[in-house]
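User: I am new to this structure. Please walk me through it in short questions and answers.

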Amino acid sequence: MMGVLAFAVMLVLAVDRFHGHSSLAFAAAIMLLIFANAPMTRFNCPQCGKNAFLRGVFVFPWPNRICTRCGTDLDGPLAKNADG
């Protein structure tokens, strides 16, 4: 995520430097960030459906291991599947 954010900022700066101020560069950067964040919106708690990346009103770049709403262990099923 940090790499995509850095790329979006560099894209806007490069377009601004070589072609002048452009709203299209900002629109492209926003669309790039929306598409990069799309997988985060599908990582929800299987019990209550709360997004694992949300903590209150803040979004973090790593998911919770335990759901903050219902207390379900979100790390458990992945570990069981990996062990066999």
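The questions below go from the model and its fold to its surface and its side-chain pairs.

User: What is the mean pLDDT of the chain?
Analyst: This is a predicted model, where local features need pLDDT of at least 70, side-chain atom pairs count only at pLDDT 80 or more, and totals for chains, interfaces and linings use all residues. Residues are numbered from 1 along each chain as its sequence is written, and side-chain values use heavy atoms, with hydrogens and water left out. pLDDT is the predictor's confidence in each residue, from 0 to 100. In this chain 89% of residues reach 70 or more, and the mean is 83.

User: Which pattern does the chain follow along the sequence?
Analyst: Helices (H or I, at least four residues) and strands (E, at least two) are DSSP runs, numbered from the N terminus. The chain has three helices and two strands. Their order is α-α-β-β-α.

User: How much accessible area does the nonpolar patch of Met2, Leu5, Val9, Met10 and Leu13 have together?
Analyst: Patches take residues with over 30% relative accessible area and no salt bridge, joining like charges within 9 Å and nonpolar side chains (Val, Leu, Ile, Met, Phe, Trp, Tyr) within 5 Å. Leu13, in helix α1 (residues 2-19), is partly exposed at 47%; buried means under 20%, exposed over 50%, partly exposed in between (1.4 Å probe, protein chains only). By the Shrake-Rupley method with a 1.4 Å probe, where only the protein chains shown count as cover for residues, the patch has about 510 Å².

User: How many disulfides does a search of the whole structure find?
Analyst: A disulfide is a pair of cysteine sulfur atoms within 2.5 Å. For Cys45, the nearest cysteine sulfur, that of Cys70, is 3.6 Å away. For Cys67, the nearest is that of Cys48, 3.5 Å away. The number found is zero.

User: Which side chain meets Asp75 in a salt bridge?
Analyst: A salt bridge is a side-chain nitrogen of Lys or Arg within 4 Å of a carboxyl oxygen of Asp or Glu. The N to O distance is 3.2 Å, and the partner is Arg65.
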